[in-house]
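Please view the sequence and model shown here.

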Amino acid sequence: MPLVRISLMKGTKKGFAKQLGEIVYRSMADTINVPPKDHFQIITEHDQDSLIYDPEYLDIARTDGVIIIQITLNEGRTVELKKNLYRTLAQRLHQELGVRLEDVFISLVEVKKENWSFGNGLAQYAP
């Protein structure tokens, strides 16, 4: 049910984006109960004109290594589950890919189940 959009600056090493996506998926599966095979991601690389961020908003020192992760998912998860996702994902990106914790920006967009169609023109999750 999640659709993940990941934005990062151009210039990462070959395979970095794919590894990044795998870490995001694994973190969601481990923390917010995303089922197996529910793996849909759009990963885009940008130049400085198309990925804009504030380098010090909320006194967090961000660099051009910033990664913006937007996850659209069904509503209903607890605040504790969400906090665990944020923490786990940032830590894994830091440990496995060397991403600075300060450069991990995560946004969750919660929607009702009837707002999905996975194909065939059907609303598979609609009541």
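Which residues do ring pairs link into a cluster?

## Basis of the model

This is a predicted model, in which local features need pLDDT of at least 70, side-chain atom pairs count only at pLDDT 80 or more, and totals for chains, interfaces and linings use all residues. Residues are numbered from 1 along each chain as its sequence is written, and side-chain values use heavy atoms, leaving out hydrogens and water.

## Aromatic cluster

The cluster consists of Phe40, Trp116, Phe118 and Tyr125, linked by ring pairs. Rings of Phe, Tyr and Trp (its six-membered ring) pair if their centres lie within 6.5 Å; planes under 30 degrees apart count as stacked, over 60 as edge-to-face and the rest as tilted.

The structure has three aromatic pairs. Trp116 and Phe118 are stacked, because their ring centres lie 5.7 Å apart with planes at 15 degrees. Phe118 and Tyr125 form an edge-to-face pair, with centres 5.2 Å apart and planes at 65 degrees.

Four strands form an open sheet in the order β2-β1-β3-β4, with mixed pairing. Strands (E, at least two residues) and helices (H or I, at least four) are DSSP runs, numbered from the N terminus; two strands pair if DSSP finds at least two bridges between them. β2 (41-46) and β4 (104-111) each have a single partner strand, so one side of each lacks a neighbour in the sheet.

Strand β3 (residues 67-74) pairs with β4 in the parallel sense over eight bridges. Leu73 has Glu110 in β4 as its bridge partner.
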